[in-house]
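My entries follow in the order I made them.

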Amino acid sequence: MATRTRNTKVDAGQRTSQRGDIAPAKGKLGIMIPGMGAVATTFVAGVEAIRRGLAQPVGSLSQSGTIRLGRRTDARSPKINEFVPLSRLNDLAFTGWDIFEDDMYAAALNAGVLEKTLLDQIKPFLQSIKPRKAVFDHNYVRKLDGPNVKKGKNKRDLAEQVRADIRDFRKQSKADRLVMIWCGSTEIFATPGRAHSSPKAFEKALLANDEDIAPSMIYAYAALCEGVPFANGAPNLTVDIPALHELSRQNEAPICGKDFKTGQTLLKTILAPGFKARMLGLNGWFSTNILGNRDGEVLEDPASFKTKEESKLGVLEQILQPKLHPELYGDLYHKVRINYYPPRGDNKEGWDNIDIFGWLGYPMQIKVDFLCRDSILAAPLVLDLVLFLDLAHRSSQLRGLGIQEWLSFYFKSPMTAPGLYPEHDLFIQLMKLKNTLRHLRGEELITHLGLEYYD
Ligand SMILES: NC(=O)c1ccc[n+]([C@@H]2O[C@H](COP(=O)([O-])OP(=O)(O)OC[C@H]3O[C@@H](n4cnc5c(N)ncnc54)[C@H](O)[C@@H]3O)[C@@H](O)[C@H]2O)c1
């Protein structure tokens with residue numbers, strides 16, 4: 001069999017895909033972040049440290065990942081950011097909103113994730129990012145209250161104020177394109193209701209100050225009205241309602257969410273597909289966490305915890321498919337606990353006790369003790385998401401779809417078109433993401449069939 005070797009460098013900026021156009025990533029990309037806490041500051045400070053050559057973008061698929069093209073014998077594996085046109089880190093500009101008045105430097109110090117010696121090297125840059133006044137409702141995050149909050153005669157008025165912030169940032173940063181990503185606290189549990197059913201109903205509810213419109217929805221609505229893509233890093237409903245799905249499609253502003261897949265759930269969606277692949281049974285999975293950051297404090301409120309719990313519990317059911325395999329997974333006891341324990345700060349500890357069984361039903365146990373750093377795991381996801389959402393926005397194929405399911409890889413509770421179940425298996429999610437990129441660039445999808453090597 002002939003072996004073709006091609007140059008792995010692809011001119012991502014100029015090449016036009018056979019499957020549609022992708023506009024080049026020219027000019028600046030402005031990143032707008034509601035919630036300037038641990039995740040947001042670790043992301044922004046990290047990008048600046050990388051830009052200055054002080055650190056490496058570890059954990060970021062968009063910066064470090066490669067993508068195989070063609071046959072195994074072709075030896076073509078360009079870097080993802082050379083294969084598709086993504087914004088360069090030097091072209092990113094930032095702004096944010098928070099209920100506290102701390103600038104990014106003070107907020108990063110307070111979050112206690114990155115060392116002061118690193119933060120001091122980029123202090124003026126971080127201090128230049130000051131929080132805009134937030135849209136906030138204490139009933140949605142009962143553990144917090146802060147002074148830096150917008151006032152308005154109704155929720156419509158607050159949405160208009162966020163739209164004005166967006167236009168102001170566009171002008172001031174001279175950004176060509178914008179993306180918004182929610183890194184705010186977890187709001188109380190909610191399900192879609194009448195106010196969320198269509199853009200018209202949503203707008204009526206804004207005017208009527210309907211209590212079912214959460215602050216995070218107001219940011220998302222403002223972004224979509226301005227044609228700005230929106231990602232949701234928390235488990236809140238936010239943009240996952242029919243009204244905002246529709247607005248996203250109408251305004252060609254892509255959306256994705258929910259809830260960054262970082263510590264314990266990341267491991268769960270790595271391990272569970274392995275048990276399932278080997279048809280090993282599972283009768284118990286007990287997960288518990290201690291964490292001491294502000295996120296942990298917010299999650300002490302049962303209503304916020306319920307939002308998180310729903311997001312965390314869904315993954316096993318979908319991966320294991322108990323209806324197809326009742327003898328292996330039909331009687332699974334799955335429990336998730338989060339305990340606020342201040343001494344640990346952002347350095348969470350997550351324990352998993354997994355009761356599995358094998359041949360003839362013989363039981364075994366697995367114990368996982370993950371001493372992780374929540375925001376260190378989340379920051380590269382924020383980077384990838386803003387770059388890929390911006391790519392989707394520049395792609396004639398993706399921008400009108402609304403929900404970007406190919407970004408499920410990054411979420412605990414991926415958004416899908418109505419009627420579809422979300423895909424949770426990390427490896428299927430990765431294949432979906434990479435095949436989407438191949439498809440966009442008119443490359444063959446990789447099926448791993450491989451029969452052609454034996455012709
Ligand atoms: N760190 C992780 O690994 C991880 C993983 C998945 C999801 N998340 C979610 O990401 C979000 C951020 O996490 P974090 O650790 O940075 O939390 P954090 O508490 O450090 O930061 C959240 C910030 O949002 C602010 N805020 C709350 N409501 C707001 C509003 N309406 N407008 C503007 N700002 C608002 C708070 O004041 C706070 O500064 C949380 O919802 C968390 O559940 C984090």
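I began with Thr 288 and found its bridge partner in β9 to be Trp 351. This is a predicted model, so I read each pairing as a property of the prediction. Strand β7 covers residues 281-291 and strand β9 covers residues 349-357; they run antiparallel, with 9 bridges between them.

Next I looked up the other pairing of β7. Its partner there is strand β8, residues 333-340, and I noted 8 bridges in the parallel sense. Phe 286 has Lys 335 as its bridge partner in β8.

I then turned to the domains. Domain 1 is made of 29-260 + 376-440, and domain 2 is 264-371. I noted 26 Å between the two centres, taken over C-alpha atoms. At the boundary, 26 residues of domain 1 are in contact with 26 residues of domain 2. I sorted the domain 1 side of this contact by class and got 12 nonpolar, 7 polar and 7 charged residues.

My last entry is on helix α8, residues 199-207. Which residues of α8 are buried? I listed Phe 202, Ala 205 and Leu 206. Looking down the axis of α8, I found the buried residues within an arc of 105°, so they line one face of the helix. I also checked what they pack against: α7 (155-173), α9 (215-225) and α10 (242-250). After α8 comes Asn 209, and I wrote down its positive phi, near 55°.

Definitions and conventions: Residues numbered from 1 in each chain as written. Predicted model: local features only at pLDDT ≥ 70, side-chain atom pairs only at ≥ 80, totals over all residues. Pairing = 2+ DSSP bridges. Helix = DSSP H or I, 4+ residues; strand = E, 2+ residues; numbered from the N terminus. Domains from an automatic or database assignment. Contact = placed C-beta atoms within 7 Å. Nonpolar A, V, L, I, M, F, W, Y, C, P; charged D, E, K, R; others polar. Buried ≥ 20, exposed ≤ 12 C-beta atoms within 10 Å, placed from the backbone. Arc of directions from axis to C-beta.
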